[in-house]
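Let's take a walk through a protein model together, looking at how some of its side chains pair up. Keep the 3D view open as you read.

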Amino acid sequence: MPIISIDYTFFWQIINFFLLLFIVKKYFKEPISKIINERKQKIEAELVEATKNKKEAEQLLKDAEAQINTSRKEATEIVKAAQRKAEEEAHNLIREARENRENILKTTELEITKIKNDAKEELGREVKNLAAELAEKIIKEKVDDAQEVSLIDKFIAEVGEDKW
């Protein structure tokens, strides 16, 4: 049996097909074309909008990256400024500590010199007082030369002990 048989049903099938094409073309072509055109315009508008949104997103991304880079630079500058300030503060503290040390050393040296001078003056007064006492003893006792020499030696020994 052949795949396609040509008989009167085939003829009616062809007529039905063309009639269906005519009806679809006459009554459905415009609404279908309108729907297709509307869909096409909607898709084109969405593509334009998507392209526009993509460009805006790329621009926003560039702006955000630029702002991040600027913020990083500012943060780096702030950190460097803080480090410089800390170093300056450390140098100032060290300089002040050295100045304080020098002042303390100078003050201490002055105090030591004053104490030393005071001690010398006190020692000088003591020597004068002791010399006066010795002279008084010598005069009171009216001793001979041997006794006088022994008293002077004794006095020198006493003064020597007081000095050290």
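Below, we go through the charged pairs and then the aromatic ones.

A quick word on the ground rules: this is a predicted model, so local features need pLDDT of at least 70 and side-chain atom pairs count only at pLDDT 80 or more, while totals for chains, interfaces and linings use all residues. Residues are numbered from 1 along each chain as its sequence is written, and side-chain values use heavy atoms, with hydrogens and water left out.

Let's start with charge. Side chains of opposite charge can pair when their charged atoms come close. The name to know here is salt bridge, meaning a side-chain nitrogen of Lys or Arg within 4 Å of a carboxyl oxygen of Asp or Glu. How many salt bridges does the structure hold? There are three.

Find Arg 95 and Glu 99 in your viewer. They form a salt bridge, with 3.4 Å between the closest N and O atoms. Why do Glu 99 and Arg 95 sit about one helical turn apart? Because they are four residues apart in helix H1, which covers residues 8-141. (Helices are DSSP runs of H or I with at least four residues, strands are runs of E with at least two, and both are numbered from the N terminus.) Glu 99 is partly exposed at 40% relative accessibility, and Arg 95 is partly exposed too, at 41%. That label covers what lies between buried (under 20% relative accessible area) and exposed (over 50%), using a 1.4 Å probe and protein chains only.

Next, look at Arg 101 and Glu 102, whose side chains meet in a salt bridge at 3.1 Å, N to O. Arg 101 is partly exposed, with 46% relative accessible area, and Glu 102 is partly exposed at 34%.

Further along, Glu 122 and Arg 125 form a salt bridge with their closest N and O atoms 2.7 Å apart. Since they're three residues apart in helix H1, about one helical turn separates them. Both are partly exposed: Arg 125 at 42% and Glu 122 at 37%.

Now for the rings. A pair of aromatic rings is described by the distance of the centres and the angle of the planes. Rings of Phe, Tyr and Trp (its six-membered ring) pair if their centres lie within 6.5 Å; planes under 30 degrees apart are stacked, over 60 edge-to-face, and the rest tilted. Searching the whole structure turns up two aromatic pairs. Phe 11 and Trp 12 have ring centres 5.8 Å apart and planes at 65°, so this pair is edge-to-face. Phe 17 and Phe 18 also pair edge-to-face, at 5.6 Å centre to centre with 70° between the planes. Phe 17 is partly exposed, at 48% relative accessibility.
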